[in-house]
Amino acid sequence: MTGPAEDTKSQLTLLSSKLLHQHQAVEAALNRHVFVWKEIEEKSQKRSSGISKTPRSHIVQVSEIVGIHKVENEDHTKSKWDQKKTLQFSQLFPNAFTVFYVKRTKNHQWRCNEATFSCSSAELCEQWIQVTREQLSLLTNRPKRLLVYINPFGGKRRGKRIYEEKVAPVFQQAGISADVIVTERANHARDHLTTEANLQQYDGVVCVGGDGMFSEILHGLVARTQNDNKVDQNRPGAELKPCMLRIGIIPAGSTDCICFATVGTNDPVTSALHIIIGDSQPMDVCSVHHNDVFLRYSVSLLGYGFYGDVLADSEKKRWLGPARYDLSGVKAFLCHNYYKGTVSFLPAEDNLGHPRDKMQSDEETVICGKFIAINAANMSCACPRSPKGLSPSAHLADGTADLILVRKCSRLDFFRHLLRHTNTDDQFDHSFVEVHRVKKFHFEPLDPQPLLLENQSELPKKPGFCPMGSAQTTCIPSAAHSSWNCDGEILHHAAIQKNVILKNFFLDDKDESAKLSTDN
């Protein structure tokens, strides 16, 4: 029944046995790469039916097996079959094991599927479990112990429930142990990672929350690594030391942009399975400085003007939950401010795969103008409402960022630009929009007060008032200049410098994963 043999691909078969799956006899085989089972058509069935059916076969990659466990319940064969049939199978095959494995479904979603196999003896059952677990233990990229931070306040306040109901059971099936910390305040996770956490005992850190929670963990790990290596983060262009721990994201926030842009979906189970099998996605990390003082790190969007105004206003409406972004977005659109400033940047030498695929010099370029928005994207910044993102061709780990400049234009033209973020049309194909692939850039505001776009002679008397029905007036902003939106966090300094300093620093994946890893 069981013994080594050579399969059709000349790979060593570790196990080969006749088992029972869903009351159907199957021939199961395991080698170092795949687990296969194929239905066996009994001769008696063939004669009675008179119809020859092609036996079904299933192949599961060993790297995508989540776990294998013995079935403890004696009535493991219970089904819709009658009691007599069930009793017959349970007597012939009293021992069983269940294999949990990844199943891909539509829209990039993964599910944990399972298949239960009955064996003729306890020894055979234990042999399948032991040999399969030995093969899983050889997959060194898989985590065994994780540090998990849960944000109970982000998004719709479902982080704790999402983890307990959807993620923890899958981790348990994979044999992963997790130390869980439910954060109690802003920057709780960052401070704990920076000063207290014993990082040597973990294979990775997992955040259950949104982009803000990921940013906390990123800053905590980077700061801890630089402090341990005596690296000055305030020095622009400093060569930072890469962190050896990967970060996993379980989406439970308002937008979950980072998770969506790397996995292709905001589904907690999908992200958990990516983490379990050890998928990894390299990712660039940028530093943001003001007058040689470190402000923050950025991995997705750094936006001034429109997106900065949206974030600043939405912070006053956190009680609305995710709906605050819609309300603040409409308000910023109606206000329709532009800001004067100077943008200087160093183009990337190799500009492949868009933006505009143009050859660039390695000399610094300076652009002065009036801008509605200045955005620097390290990734596509895709989300459910914008499936292609702000910059669809932005690369995750090439040491560059896409700098998008939206110049002064009419409200209608700006609406046309925003609308293209929701479809497949080229949002850069406007005369007032330009995009550059850069290694670093600097912005200096020229006006202490933002200007208003249309018909300044008819300004409303009260600051902040936006007449809904008039296309000829806009509101007066209360701030002296716009703020920067840095991965969903506000930077109040207008003059900033951004460097792509950590190429391939934090995120990991084989095929669009939710894991974050580091490699300078």
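The side chain of Asn499 makes a polar contact with the side chain of Gln497, at 3.5 Å. A polar contact here is a pair of N or O atoms within 3.5 Å; within protein, one must be able to donate a hydrogen and the other to accept it, and residues adjacent in sequence count only if both atoms are side-chain atoms. Asn499 sits in strand β24, residues 496-502. Strands are DSSP runs of E with at least two residues, helices are runs of H or I with at least four, and both are numbered from the N terminus. Asn499 is buried, with a relative accessible area of 6%. Buried means under 20% relative accessible area, exposed means over 50%, and partly exposed lies in between (1.4 Å probe, protein chains only). Not counting residues up to four places away in sequence, Asn499 touches Pro236, Gly237, Val285, Cys286, Ser287, Lys439 and Lys440. Contact means heavy atoms within 4.5 Å.

This is a predicted model: local features need pLDDT of at least 70, side-chain atom pairs count only at pLDDT 80 or more, and totals for chains, interfaces and linings use all residues. Residues are numbered from 1 along each chain as its sequence is written, and side-chain values use heavy atoms, with hydrogens and water left out.

Now the chain as a whole. Its secondary structure comes to 11 helices and 26 strands. Of its 520 residues, 51% count as buried. Among contacts with a separation of 6 or more, 71% come from residues 24 or more positions apart. The accessible surface is about 24600 Å², and 50% of that belongs to carbon and sulfur atoms. These areas come from the Shrake-Rupley method with a 1.4 Å probe; for residues, only the protein chains shown count as cover.

Phe171 gives a case of a contact across the sequence. Phe171 lies in helix α4, residues 159-173. Its relative accessible area is 2%, so Phe171 is buried. Phe171 and Ala272 are 101 residues apart in sequence, yet 7.5 Å apart in space, C-alpha to C-alpha. Leaving aside neighbours within four places, Phe171 is in contact with Leu146, Tyr163, Ile176, Ala272, Ile275 and Ile276.

Next comes helix α5, residues 188-195, whose buried residues are His188, Ala189, His192 and Leu193. Seen down the axis of α5, these residues fall within an arc of 125 degrees, so they line one face of the helix. The arc is that of the directions from the helix axis to the C-beta atoms. The buried residues of α5 pack against β9 (145-150), β10 (177-182), β11 (204-209) and α6 (211-228). In the loop between β10 and α5 lies Asn187. Phi of Asn187 is near 65 degrees, a positive value in a residue other than glycine. Asn187 is partly exposed, at 28% relative accessible area.

Asp292 also has a positive phi, about 60 degrees, although it is not a glycine. Asp292 lies in the loop between β14 (285-290) and β15 (293-298). With a relative accessible area of 52%, Asp292 is exposed.

Turn to the aromatic rings. Rings of Phe, Tyr and Trp (its six-membered ring) pair if their centres lie within 6.5 Å; planes under 30 degrees apart count as stacked, over 60 as edge-to-face and the rest as tilted. The count comes to 18 aromatic pairs. The rings of Phe443 and Trp484 have centres 5.9 Å apart and planes at 75 degrees, so this pair is edge-to-face. The pair links distant parts of the chain: Phe443 is in strand β20 and Trp484 in strand β22 (residues 484-486), 41 residues apart. Both Phe443 and Trp484 are buried. Elsewhere, ring pairs link Phe35, Trp37, Phe97, Tyr101, Phe117 and Trp128 into a cluster.

The loop between α11 (411-419) and β20 (433-445) holds Gln427. Gln427 is buried, with a relative accessible area of 3%. Its side chain reaches the backbone oxygen of Leu390 at 3.0 Å. Beyond four places in sequence, the contacts of Gln427 include Gly389, Ser391, Pro392 and His417.

Last, the cysteines. The structure holds 0 disulfides, a disulfide being a pair of cysteine sulfur atoms within 2.5 Å. For Cys207, the nearest cysteine sulfur is that of Cys259, 8.7 Å away. Cys207 counts as buried, at 0% relative accessibility. Cys259 is buried as well, with a relative accessible area of 1%.
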